[in-house]
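Try each one yourself before you read its solution.

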Amino acid sequence: SLFTEQRRFEMAHQLLDCVYLIYRRAGDEHMAARALISKGLSLGLAFDSEQALDLLEKGMRLADAARDPKLILTAIHGLLCCLVDCGRIEEARDLLPVSRKLYTTYGESLDALRARWLEGRIAAGLGEDGAAEQIFLQVRDGFWEAELPYTAANASLDLTAVWLRQGRT
């Protein structure tokens with residue numbers, strides 16, 4: 001996780017592969033699944049969304065949802081983000097309402113804000129610029145209020161992309 005946060009993806013992926021193998025050999029499917037999901041999230045951050053999708057799906061199949069429902073929420077959120085990144089907007093749009101219960105049951109306030117940001121990304125991908133703009137403004141302000149300036153800046157980049165597409169410089 002530290003290497004992923006530091007954007008040292010190659011090292012993070014190598015270590016997560018080792019963690020996965022250790023848990024598989026120990027017979028702990030759930031923790032092996034957790035390593036796959038962590039690697040999938042890391043790959044998504046490294047802009048390898050196609051491979052990330054594969055690992056997130058595999059990890060969710062192996063994970064024990066009753067043991068760690070928050071892990072499943074994290075994996076589904078990552079899956080939705082990767083679908084959007086891969087241009088599979090309609091799939092993400094169709095899956096988001098199904099995952100709502102997980103967000104409300106197991107999510108925290110920042111998870112709700114991230115889900116809202118995802119809605120904005122889906123709206124932008126569908127060409128619904130007005131809705132996307134309003135969502136991105138709301139999300140940006142929410143991350144500023146939560147004192148997460150880096151995340152607020154990323155939401156601002158999505159907002160800027162909508163404005164640029166509209167010719168608003």
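Predicted model: local features only at pLDDT ≥ 70, side-chain atom pairs only at ≥ 80, totals over all residues.

Residues are numbered from 1 along each chain as its sequence is written, and side-chain values use heavy atoms, with hydrogens and water left out.

**Exercise 1. Work out the pattern that the chain follows along the sequence.**

Step one: count the elements. The chain has 9 helices and 0 strands; helices (H or I, at least four residues) and strands (E, at least two) are DSSP runs, numbered from the N terminus.

Step two: read them off in order, and you get α-α-α-α-α-α-α-α-α.

**Exercise 2. Check the radius of gyration of the chain against that of a compact globule.**

Step one: take the rule, which is 2.2 Å times the number of residues to the power 0.38, with the radius taken over C-alpha atoms.

Step two: compare. A compact globule with 169 residues would come out near 15 Å, and the chain has 17 Å, which agrees.

Step three: look at the box. The C-alpha atoms fill roughly 55 × 35 × 30 Å along the principal axes.

**Exercise 3. Describe the largest pocket and say what lines it.**

Step one: get the volume. The largest pocket holds about 1,500 Å³ of space. Here a pocket is an open set of points on a 1 Å grid over the protein atoms alone, where a 1.4 Å probe fits, with protein on both sides within 12 Å along at least five of seven lines; lining residues have an atom within 4 Å of a point. Grid points are joined across faces, edges and corners, and the volume is the space filled by probe spheres set on the points.

Step two: find the middle. There are 34 lining residues, and the closest to the centre are Leu 41, Leu 45, His 77, Cys 81 and Arg 114.

Step three: trace the elements. Two or more lining residues come from each of α1 (2-5), α3 (29-45), α5 (69-85), α7 (109-125) and α9 (149-165). The largest share, 9 residues, belongs to α5.

**Exercise 4. Find the aromatic pair and classify it by its angle.**

Step one: know the cut-offs. Rings of Phe, Tyr and Trp (its six-membered ring) pair if their centres lie within 6.5 Å; planes under 30 degrees apart count as stacked, over 60 as edge-to-face and the rest as tilted.

Step two: apply them. The structure holds 1 aromatic pair. Trp 117 and Phe 143 sit 5.5 Å centre to centre with 65 degrees between the planes, so the pair is edge-to-face.

Trp 117 is in helix α7 and Phe 143 in helix α8 (residues 129-145), 26 residues apart.

**Exercise 5. Is Arg 121 buried or exposed?**

Step one: recall the scale. Buried means under 20% relative accessible area, exposed over 50%, and partly exposed in between (1.4 Å probe, protein chains only).

Step two: Arg 121, in helix α7, has 19% relative accessibility, so Arg 121 counts as buried.

Step three: list its contacts (heavy atoms within 4.5 Å). Leaving aside neighbours within four places in sequence, Arg 121 is in contact with Cys 81, Val 84, Asp 85, Phe 136 and Asp 158.
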